[in-house]
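Have the structure open as you read.

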Amino acid sequence: MANYEFDAIWFGGGAAGRFGAAFHKALGGKPLIVEKKCLGGECHINRCAFENFFADQASMAELLRLYSGKSWYPNLDLSSISMAKAVETYRKVGQKAFADTMKHQTEIQLNVEVAWGEGKIIDKNTVEVNGKIYKGKNLVIGAGSRPTMPDIPGIDLPGVMTYRDHPEIRKDPKKMVVIGGGKIGIGKAAMFAPFNIEVTVLEKYTCLPKWDRDVRNYIFRDFKRRGIKIYEGVDVKEIKGKGKVEAVVTEIEGKIMEFPCDTVMVSVGLTPNSEVAKPLGVKVGKENEIIIDKGCRTNVPGIYAVGDVAGSPYFMAVARKRGMVAAKNMMGKEAQWDDSLPIPDHIYVPPLEATMVGLTEAEAREKYGDVVLIQVPWGPRPKDPHPEEYYPGFENWSLPICGRTHTLNLLFYGQGRNGLMKAIVDPISRKYVGFHSVGDGAKDGFQYLSYLLKIGWTIDQMSELHEIFLNPEHFIQLSRLVAGQEELKGYAAQVYLEEDF
Ligand SMILES: Cc1cc2nc3c(=O)[nH]c(=O)nc-3n(C[C@H](O)[C@H](O)[C@H](O)COP(=O)(O)OP(=O)(O)OC[C@H]3O[C@@H](n4cnc5c(N)ncnc54)[C@H](O)[C@@H]3O)c2cc1C
């Protein structure tokens, strides 16, 4: 049997490759990462970390506008609000700071070897980087994904962009059309609008189809009030313009409609970068993803695939944990992807964020029949709130969600935007089946709620926990209010009030 310099070559040092290689090293293996750009991959260049920063900037812009001249806040001159300036800071500071930190942590602190440069896979045990040959017993492909570009006339016009171009923007758009109403497209719409940019979202089917109806209603109602337009059932025919984007031409319910704009953000999904592996004979699926089993093994022995290159779901947790699974299997510790642990998800809707884990109410009703909802607020929200006025009917819609910052302001200044909280319980087993929130600061808790769903956590167990009061996720105390019921019925009024937007 051949002796190899490395136990595995991790091809791509993004979320999947970097975490997988570090775990591999910790297990006693000898990994090599091959990376052409920066460790940590797209996350901090133009994805998660960038969006986190930009969501903060958008929240700031939105809140400055909201607070200006209210209560003790001074009247602010908001003419200098600039999205392009916000992203310039990230380009100049954020991207470099993250890249340096990842490099330091990986190479110095964790002592994982990195071959810097564009890698070329020669065969399953051989990778070439800058003319140097590296040999590994195993090969782990973690080459990531790229934005999917639909085949629309005009897609190459200047002014058409994807998430990759967002940090590169030098001038604020005035009118923007977002093609695609998934969580990235909806997040972009919510984040661009506070910078005085007119935003319209065009979605082929339904926006945020995987999200609970109450959360969707909350977000879209808020969009309506902020002037962000949403169209569903849209067939985009063409992006029009002489030398640059001028309009998006669509067909909606049989009618041709044009949306004038200077910028188009295309957000219709991701395509795995599996091309690097095709010559090796690995099986590739319909979405261009490398097909793997639950142990992250491809059909070729000794070749693994991790992260986005192995297809959806596209999450950091999935990328990193696929890396761990592959590392364990290479080191003879049989490991499998755990489907029983639900994956939490979130969307930035500045100044708040939406988070979910487990089943939506519709899914829960289909599976369990009648379910109990632990929810605030309950019922419709006022259509036309006025700052700093008390509303008759307050009790029906406004129990404050006390988030990290601002949510009480959002309530008291009449925004009617102070959040939403919903836990879904199966009344027979008394187990939670889903959690949903729109708020500020609840996201962290959802990482642990995922595990509680997996182990079948009940309302009775929840009521015994110690809450930190005031808290952004009220699930403990809200559940405790009804946990004493022998036959679990939830709150007295379980009638659902329609509020679709
Ligand atoms: C806009 C956006 C926002 C997102 N936000 C979130 C979020 O908030 N939370 C979340 O959980 N998920 C989020 N995701 C998903 C998450 O970013 C991905 O699932 C994750 O980055 C995938 O990691 P990866 O290692 O598979 O790929 P990547 O991070 O893309 O890493 C692939 C690496 O491979 C390298 N590479 C490729 N080819 C070669 C080669 N030939 N030679 C050398 N190196 C090579 C690349 O340079 C890159 O560093 C977001 C996705 C998008 C599009």
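Among contacts in the chain between residues at least 6 apart in sequence, 66% link residues at least 24 apart; two residues are in contact if their C-beta atoms, placed from the backbone, lie within 7 Å. Please keep in mind that this is a predicted model: local features need pLDDT of at least 70, side-chain atom pairs count only at pLDDT 80 or more, and totals for chains, interfaces and linings use all residues. Residues are numbered from 1 along each chain as its sequence is written.

**Overall build**

The chain holds 13 helices and 22 strands (DSSP runs numbered from the N terminus: H or I of at least four residues for helices, E of at least two for strands). Its radius of gyration is 24 Å, close to the 23 Å that the globule rule gives for 501 residues, so the chain is as compact as a globular protein of that length. That radius is taken over C-alpha atoms, and the globule rule is 2.2 Å times the number of residues to the power 0.38. The C-alpha trace spans about 80 × 65 × 50 Å along its principal axes.

The domain assignment gives domain 1 (6-46 + 88-146 + 271-330), domain 2 (160-268) and domain 3 (351-482); such bounds come from an automatic or database assignment. Taken over C-alpha atoms, the centres of domain 1 and domain 2 are 32 Å apart.

**Cores**

Of the 501 residues, 44% count as buried. A residue is buried if 20 or more other C-beta atoms lie within 10 Å of its own, exposed if 12 or fewer, and partly exposed in between, with C-beta atoms placed from the backbone. A nonpolar core is a set of buried Ala, Val, Leu, Ile, Met, Phe, Trp, Tyr and Cys residues joined through C-beta atoms within 7 Å. In the largest one, of 79 residues, Val177, Ala189, Val264 and Val425 touch the most other members. This core draws at least three residues from each of domain 2 (160-268) and domain 3 (351-482). A second, separate core of 42 residues includes Ile33, Cys43, Ile141 and Ile290.

**Loops worth a look**

Glu289 sits in the loop between β16 (270-272) and β17 (303-305). Is this residue buried or exposed? Glu289 counts as buried, because 21 C-beta neighbours lie inside 10 Å.

| Cis bond | Omega |
|---|---|
| Pro350 and Pro351 | about 15 degrees |
| Val376 and Pro377 | about -15 degrees |

Pro351 is in the loop between β18 (345-349) and β19 (352-358), and Pro377 in the loop between β20 (372-376) and α9 (394-397).

Leu208 is not a glycine, yet has a positive phi of about 45 degrees. Leu208 is buried, with 20 other C-beta atoms within 10 Å.
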